Amino acid sequence: MKSLARCFLLLALTFSLGTAYAARGAKTMVIPEPIAVPAKMTEQNVAKAIRFSLLGRGWSWEKADEKPGSIDTTLNVRQHMLKMRISYGGGVVSMSYLDSAVLKYEVDEGVPKIHPNASKWMDLLAQDIRTNLARDQLE
């Protein structure tokens, strides 16, 4: 009887761990809303604020991949990789998804889904860009 109880307990534990892991599965991707650039801020200063934000959060980019008005950037966290394009010009900074690895990216019925940490990383970067754009105005 004890062995049957142990088997049942082990089965229940395995199921609950599997359910907890599944809860960390892909969720609807949330790309931050475009960020307004303060008036009279030069594109050079906008790019500088973006780069400063990227460095602060551990994102990397190749100077060769940088084009006027956009920066392609990559974040590597353990085995996970998230690649984004940050575009700027016309008074706004916007972000778009390019690629990822080990983040469960999928498109389900036209809706992009990804591991919830990816949306969190994008949101934190957007917050930092917003802060650094405002900080530039104080100097």
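Modeller: Val-93 touches Pro-34, Ile-35, Val-37, Val-46, Ile-50, Ile-86, Ser-87, Tyr-88, Ile-129 and Leu-133, leaving out residues up to four places away in sequence. A contact here means heavy atoms within 4.5 Å. This is a predicted model, where local features need pLDDT of at least 70 and side-chain atom pairs count only at pLDDT 80 or more, while totals for chains, interfaces and linings use all residues. Residues are numbered from 1 along each chain as its sequence is written, and side-chain values use heavy atoms, with hydrogens and water left out.

Biologist: Which residues have the most contacts inside the largest nonpolar core?

Modeller: Val-93 again, along with Ile-50, Leu-82 and Leu-133, in a core of 29 residues. Helix H2 (43–57), strands S3 (70–77), S4 (80–89) and S5 (92–101), and helix H3 (116–138) each supply at least two residues. H3 gives the most, with seven. (Helices, H or I with at least four residues, and strands, E with at least two, are DSSP runs numbered from the N terminus.)

Biologist: What makes a set of residues a nonpolar core?

Modeller: The set holds buried Ala, Val, Leu, Ile, Met, Phe, Trp, Tyr and Cys residues joined through side-chain atoms within 4.5 Å. In soluble globular proteins, nonpolar side chains tend to be buried together.

Biologist: And why is Asp-72 called buried?

Modeller: Its relative accessible area is 11%. Buried means under 20%, exposed over 50%, and partly exposed in between, using a 1.4 Å probe on protein chains only, so Asp-72 passes as buried. Over the protein chain, buried residues make up 34% of the 139 residues.

Biologist: Is Arg-85 buried, exposed or partly exposed?

Modeller: Partly exposed, because its relative accessibility is 30%. Arg-57 gets that label at 36%, and Asp-108 gets it at 34%.

Biologist: How do you know that Asp-72 forms a salt bridge with Arg-85?

Modeller: A salt bridge is a side-chain nitrogen of Lys or Arg within 4 Å of a carboxyl oxygen of Asp or Glu. For Asp-72 and Arg-85, the closest N and O atoms are 2.6 Å apart, so the pair qualifies. Asp-72 sits in S3 and Arg-85 in S4, so the bridge ties together parts 13 residues apart in sequence.

Biologist: How many salt bridges does a search of the whole structure find?

Modeller: Three. Another is Asp-128 with Arg-57, with closest N and O atoms 2.7 Å apart. That pair links distant parts of the chain, Asp-128 in H3 and Arg-57 in H2, 71 residues apart. Then there's Asp-108 with Lys-113, at 3.6 Å.

Biologist: What makes S3 and S4 a pair?

Modeller: Two strands pair if DSSP finds at least two bridges between them. S3 and S4 have eight, in the antiparallel sense, and Val-77 stands opposite His-80 in S4. S4 and S5 have nine bridges, also antiparallel. S2 and S5 pair over two, which just meets the requirement of at least two.

Biologist: In what order do the four strands form an open sheet?

Modeller: S2-S5-S4-S3, with antiparallel pairing.

Biologist: Why are S2 and S3 called edge strands?

Modeller: Strand S2 (35–36) and S3 each pair on one side only. H2 packs on this sheet, touching S3, S4 and S5, with its direction at about 165° to that of S4. H3 lies across S2, S3, S4 and S5, at about 35° to S4. Those angles run from 0 to 180 degrees between N-to-C directions, with axes being lines fitted to C-alpha atoms, for helices over the stretch in contact.

Biologist: How do you know how far H3 reaches from its first C-alpha to its last, and what is expected?

Modeller: H3 has 23 residues and reaches 34 Å, close to the expected 33 Å. The expected span is 1.5 Å times one less than the number of residues.
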